[in-house]
Amino acid sequence: MFCYQCEQSSQRTGCTAVGVCGKNPETAALQDLLLHALKGVSVFAHRAAKAGVRSEALERFALDALFTTVTNVNFDPVRLQGMLAEAGRHLEEARRLYAGVRTAADPASFNGATCFIPAATLDDLIRQGEETGLEGRQEAIGADLLGLQELLTYGLKGMAAYAWHVRDAGGDTGETSLFIFEALAAIAPGETTTVDQLLGLCMRCGEANFRVLESLDGVHTKRFGHPVPTQVRLDPVAGPCILVSGHNLEDLMALLEQTKGTGINVYTHGEMLPAHGYPELHKHPHLVGHYGGAWQDQARDFDRFPGAILMTTNCIQLPKQSYFQRLFTCGLVAWPGVRHIDGRDFSAVIKTAQRAPGFPSDVEGKTLTLGFGHNAVLGVAGQIVDAVKSGAIRHFFLVGGCDGAKTGRNYYTEFTEQIPSDCVILTLGCGKFRFNRNDFGTIGGIPRLLDCGQCNDAYSAIKIAAALAEAFGCGINELPLSLNISWYEQKAVAVLLTLLHLGVRNIRLGPTLPAFATPAIVAALQEKFNLLPITTAEADLIDCLKA
Ligand code: FSO
Ligand code: SF4
């Protein structure tokens, strides 16, 4: 296997024997094959769409297949086998659609990924997958072109994950899938794309992802109301309990409905924390608080949690035996042997919670305040602008993105701790767990730490920055604003491409630069956007504040 799609990649070059995330070579080969098959589907689906013929089933499949291959989503070879069988059927359908409208090449004259036929057994599928990995492609096109193709692919994966949530919440994602078909068709085996074409597609991916993030904000605020500043309890309440991790607010909503009146208390974990800010979720009195830290703390947190646990999206890790039987997955998340919930019938989760010991007593303790989405922050925009004009607020920092297990990520704790007291920190994503329990105080009643939500809520941070720029009559790059982004997996890649598409410069990206970004790719991004690696908290702060 060879995989370098996330920040955790081994030796900062790529995972070969086994993934640092726990992905084994068999699963890696099946994921590579799924992506290969989707490229084949895309070649025909893109051409058919250009001729005005579309298929909702193919468009859905594009999102499912890409999100499935995001880091820490699906570790289950059997589920991947099922998706590969589906891929074979979708490829037939895409070929048929294209054949019906073609004005150019006969579908039989295509080769490469368009000829994919899923093997009959799991072992043979794995062998097929091994032939589609990155090593062979690197030999064929070189590290720079491969790195750019992968930058695009990971941006598409991240965007597909966000779009999957849009669709799940009732939004329309057809246009997103059409762009995915176009982009994947351009990098299907046998196609030739230049550096400039690939960079162009990456920027268009950022643009498409901006629209996805905007839609996601729209569907979530329509369904659950605009987030409002909310205090969240961080300590347990006596009684049976369910812990909900991941990003899917729809799953949490369904679970809250199904646990009404059962006496079960529901807690958020990891990226689910911002759910408390949404009025339609917060109104449930049995959504009692948040338990634990970010995704990489799950083994410790789940082990100690005395109830059932539901993982709605990434980032799942190898479950410990101590909670294996209390753990459930839903949506696209899968781990071999872990019970999977289809169709949002959470009765098995509820039964497990009822049989588990639950928390013996209330623990009084800390709370934290969140819910600073764009609506809440822009509601006090006048106050913020006045505070900047009077000098009470000197500078804004956006410190957010993903967390991870590496010690180098302490940088973000140190960085925020050293930010002077006349500066405001915007945050989002799971990276905030490095510092969100610290008391940053307020400036003239405005909290110094404004939690905009999940990484899924990057739209809020962008909207706030754009509104500030408008208020000051300048561009985002001229604002007293520094972006210090931590990345881990491919959703962060999609958000980065969106920021670059918007022309945002001087972004600090850490804790390490992507392994797929060759020196030539890094040089290109530095030249165009002055993308910066992190150094030390002290030096980076001085640099941010000197402007
Ligand atoms: Fe984190 Fe995981 Fe939100 Fe990612 S929980 S790392 S970018 O999946 O999604 O920030
Ligand atoms: Fe390694 Fe990350 Fe790929 Fe997992 S997803 S195999 S940790 S590079």
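Let's start at ligand 1: one of its oxygen atoms sits 3.1 Å from an N or O atom in the side chain of glutamate 271. Keep in mind that this is a predicted model.

| Side chain | Distance to an oxygen atom of ligand 1 |
|---|---|
| Glutamate 271 | 3.1 Å |

Who else is around ligand 1? The residues there include Trp295, Cys315, Cys402, Tyr488 and Lys491. Sorted by type, the shell has 7 nonpolar, 2 polar and 3 charged residues. Domain 2 (230–355) and domain 3 (372–546) both contribute residues to this shell, so ligand 1 lies between them.

Now for the aromatic rings. Searching the whole structure turns up 22 aromatic pairs. Take phenylalanine 75 and tryptophan 335: their ring centres are 4.4 Å apart and their planes meet at 40 degrees, so this pair counts as tilted. The two partners are 260 residues apart, with phenylalanine 75 in the loop between helix H2 (56–68) and helix H3 (77–101), and tryptophan 335 in the loop between strand S6 (327–330) and strand S7 (339–341). Both phenylalanine 75 and tryptophan 335 are buried.

Another pair, tyrosine 291 with phenylalanine 305, is edge-to-face, with 5.2 Å from centre to centre and 65 degrees between the planes. These partners are 14 residues apart, and both tyrosine 291 and phenylalanine 305 are buried.

Rings can also join up in groups: Phe2, Tyr4, Tyr154, Trp487 and Phe516 are linked into a cluster by ring pairs.

Methods. Residues numbered from 1 in each chain as written. Chains lettered and ligands numbered in written order. Predicted model: local features only at pLDDT ≥ 70, side-chain atom pairs only at ≥ 80, totals over all residues. Heavy atoms only, no water. Near = heavy atom within 4 Å. Polar contact = N/O pair within 3.5 Å; in protein donor to acceptor, adjacent residues only side chain to side chain. Nonpolar A, V, L, I, M, F, W, Y, C, P; charged D, E, K, R; others polar. Domains from an automatic or database assignment. Phe/Tyr/Trp six-rings, centres within 6.5 Å; stacked < 30°, edge-to-face > 60°. Helix = DSSP H or I, 4+ residues; strand = E, 2+ residues; numbered from the N terminus. Buried < 20%, exposed > 50% of the residue type's maximum accessible area, 1.4 Å probe, protein only.
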